[in-house]
Structures are given as structure tokens and as C-alpha cells.
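Welcome, and please get your viewer ready.

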Amino acid sequence: MKTLSAAVLLACLAFAGRAAVENRPAWPQWGGPHRNFVTPAADLASSWPAGGPRRLWQKPLGDGFSSIVTDGSSLYTLYRDGAADAVVALDALTGETRWTSKYDAPFHEVCTEQLGPAPRSAPLIDGDRLVTVSAGGLMNSFDRTTGRRLWTRDLLQGSPDALRACGYSSSPLMYKNTIITTAGGPGRAVVALEATTGNIAWQSQDYQNGYSSPILIDLDGRPELIVFTFGDMADLNPDTGALEWTRPHPTDQGVNVATPVWGDDHLLFISSAYNGGSRMLKLVRTGGTVSATEVWATQRIRVHFGNAVRLGPRIYFSNGDFGSAPFTAVDAATGDIAWRDRSVTRASLIAAGNELVILDEDGDLALATPGPSGLELHAKVALLGERSWTPPTLSGTTLYVRDRHQIMALALGR
């Protein structure tokens, strides 16, 4: 009877653990549910022990910069395996592999040996499907349960010059029954694919590719598609690809990487390194047209390849091209720098309520609260290896992180 009771107890604990995972919030795409790296407040611990937050599991993973997405039960990401890309589904509770699907993904990088052919783009959860993109611009759709490949589309077919030296890194988004992403080249700068078949629903514009990912915004109750390309910022109708407005944002060699940030006050923040600087645009809908007016622009603010988040009237990010990139708070309305904090260097971040979870490029993880005059650092620990350039993923109070060699799950709750 005691053995039976123990078995029943273990079964109940396993069921409870599984139910807890399946009830965790989804992080289905680049930047999370709203594509802005902001989530509701979570019950995060205010401090960590000396060794950092509790590690739920940890395992080796192949080379890659692809973000981790989750439906709450499974995790999905990409890594490089020889000349192939590997898409992997992991159990969110244990880290055990549920399936792996590999496919040839030829790509020779000429940008820098630091990056290699490893995948950069974040997967996209689309109902029962998972959509991925290789560094060479090859998009695939998979059955999320089995890993069976459903269709393949070469995004750069017909315009091979659209592939940038540092590879394709734009992460796709879902809109209605289409998958939208950048492709580059005359007449196909942006493409929308039918989610079920991969066939072209529409393609439009003539911009060259940048590295940034598109976002959908709500402007007075109607959706707008914002794309940041080689040297321009543009707003398209997501149903047709028709151009609403465009404005130049030139940088050296067209290296526009950071995802634009949208605010409820109709302010759109754009930033890049390589002499691009930053600008804030005010969007206004008048009848059937949308206009964009520049509110401010400066070369003092430069988001390199990390991300920025907006909380209330301020935007937070690591500011700088190369060398030092102190963590910075900027007033969204004016572009004035409120403060800098050099205790945090070049990093990616998530806002959970008013708290920031920050992962710098050296693998140091921090928990902090931004204040009026500085960053209140609650906890910090050396966690991962070098080139921890993949932004973290937060599902409830569980954080998923990776570098180029491993992936791990951390309990950040109280």
C-alpha cells in the first residue's frame, strides 16, 4: 500500500508539473505575444542566491542565434548541424527532445567569422504549424506535433542579391491567414505567404533587405505593417502590401537591425548603429491616409543588434555601436537621455511589468527595476558563455536562455 501511495503521489506530482507548464503563457514569436519584449507583471523573486536562479534543466545545443518560442508546453528553436539547419522541439518542463527535423540550408557567410552559417531568425508558432527561416533565406513550415515538413519556400528566389553578407535574420509574423516577412529586391521587398501552402499572397515594394524584423501596430483600431529595411522605414497595408508612407533612414552598408518600438501615443522609435542614429516618428491617420512626422532625431542614441523596450514615457536599451554600450533610459517624447548605467553592457532585455530581465552578450543575467534617475539592480549572475546574443524568453516565471553551445530553463519565481 505504501508503494502504491508513493506511485500515486509521484503521478500526481508529474501531472501537476505538466499542468503547470501547459498553463504557462505562450511566447509564440520574436519579441513575445505582442512582439515588443513586454509581458504582464510576473511574481519574480526580488533576489537570487549566489549561484543565481534555480536551474530547472540545461542541455547542449548546436550553434545558433535563433530565439526560443513556446506554446507553454513545448519549446522550439533552431541550430546548425554541419551543412543543415535543425529545428528542435523540447519538453518545456524537462528539456527532453520531442522531435528534431533537419534540412539542407546552404549558406556561406562573408560578413564575419563570429557569426558563421548558424540560423538567426526566430521560429513562429502558427496554430498547429511552426515556421522557420534559415540564414540563407529558406522558409519552412512544420507540423508542430510531429516535426513533419509541410512546405518550403526560398524567400530570395529570383533576387539572390537580396541576401545580406551577414545572412538573413528577419523573423516572420502572422497576419490573418498569411505569414509576412521581408524578402528584398524589386517588387518583392516584403512578401505575404499563404500559411497553409507557402504560396505568395502578395509581394510589393522595391527596398533592399535590412536585418530587422517587421512588426504589426494598431493605429486607431486598424493594423499597419511596419518594416525597417536597408535604408528606409516604411508602413504597408498588411492585407495588400500597398504603401502608406516611407521615410529614409540610411546607415553604413544598410545595417539596420533593431526592431522598431511602437507606443500607445502613436510614437514609433527607430534606431541603428553604423552612423544611423535614432529618430522618433509620430503617426497620424486622417481619413484613409496615414502620415508620419519626425518628432526628433539624434546620433547620440544607437541600438546595435540588441532590442529596446518601452515602459511608459521611457525607452530602455544598450546604447552604442562598438566598445562600451551602457544601459540607457531615453525620454520617448524628446529623445533626451535620462540616465546611463555602465554596470550593464551590451544586452537584450524583457520587461515583465515594471521589472527588467537583462541578458548581456557575455552571458551575465540580471534582474533590475528602472527608476527616475538610474537602474536599481536586484540580482546579477554569470550564467552563459560568450556571444550570448539571443534574447531571452519568459513564460510566466520561467526564463529560457541560450548561447551558441547550450540552452537552459531557469525558475525566476518567488
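By class, how many nonpolar, polar and charged residues does the lining of the second largest pocket have? There are ten nonpolar, six polar and three charged residues in that lining. Keep in mind as you click along that this is a predicted model.

**Stop one: the second largest pocket.** Select His34, Arg35, Asn36, Leu216 and Trp262, which lie nearest the centre of this pocket, out of the 19 residues that line it. Next, colour strand S15 (215-219) and strand S19 (261-262), the elements that give two or more residues to the lining. S15 provides the largest share, with four residues. The space here comes to about 310 Å³.

**Stop two: Ser213.** Now move to the loop between strand S14 (200-204) and S15, where you will find Ser213. Is Ser213 buried or exposed? Ser213 counts as buried because its relative accessibility is 2%, and buried means under 20%. Show its side chain, which reaches the backbone nitrogen of Ser171 at 2.8 Å. Then display the residues that Ser213 touches, leaving aside those up to four places away in sequence: Trp30, Arg35, Ser169, Ser170, Ser171, Thr259 and Pro260. You have already selected Arg35, one of the residues nearest the centre of the second largest pocket.

**Stop three: the largest pocket.** Finally, go to the largest pocket, which holds about 830 Å³ of space. Select Leu115, Cys166, Val257, Phe305 and Trp389, the closest to its centre among the 32 residues that line it. This lining divides into 15 nonpolar, twelve polar and five charged residues.

Terms used:
Residues are numbered from 1 along each chain as its sequence is written. This is a predicted model: local features need pLDDT of at least 70, side-chain atom pairs count only at pLDDT 80 or more; totals for chains, interfaces and linings use all residues. Side-chain values use heavy atoms; hydrogens and water are left out. On a 1 Å grid over the protein atoms alone, a cavity is a set of points where a 1.4 Å probe fits but cannot get out, and a pocket is an open set with protein on both sides within 12 Å along at least five of seven lines; lining residues have an atom within 4 Å of a point. Grid points are joined across faces, edges and corners, and a volume is the space filled by probe spheres set on the points. Ala, Val, Leu, Ile, Met, Phe, Trp, Tyr, Cys and Pro count as nonpolar, Asp, Glu, Lys and Arg as charged, and the others, Gly among them, as polar. Buried means under 20% relative accessible area, exposed over 50%, partly exposed in between (1.4 Å probe, protein chains only). A polar contact is a pair of N or O atoms within 3.5 Å; within protein, one must be able to donate a hydrogen and the other to accept it, and residues adjacent in sequence count only if both atoms are side-chain atoms. Contact means heavy atoms within 4.5 Å.
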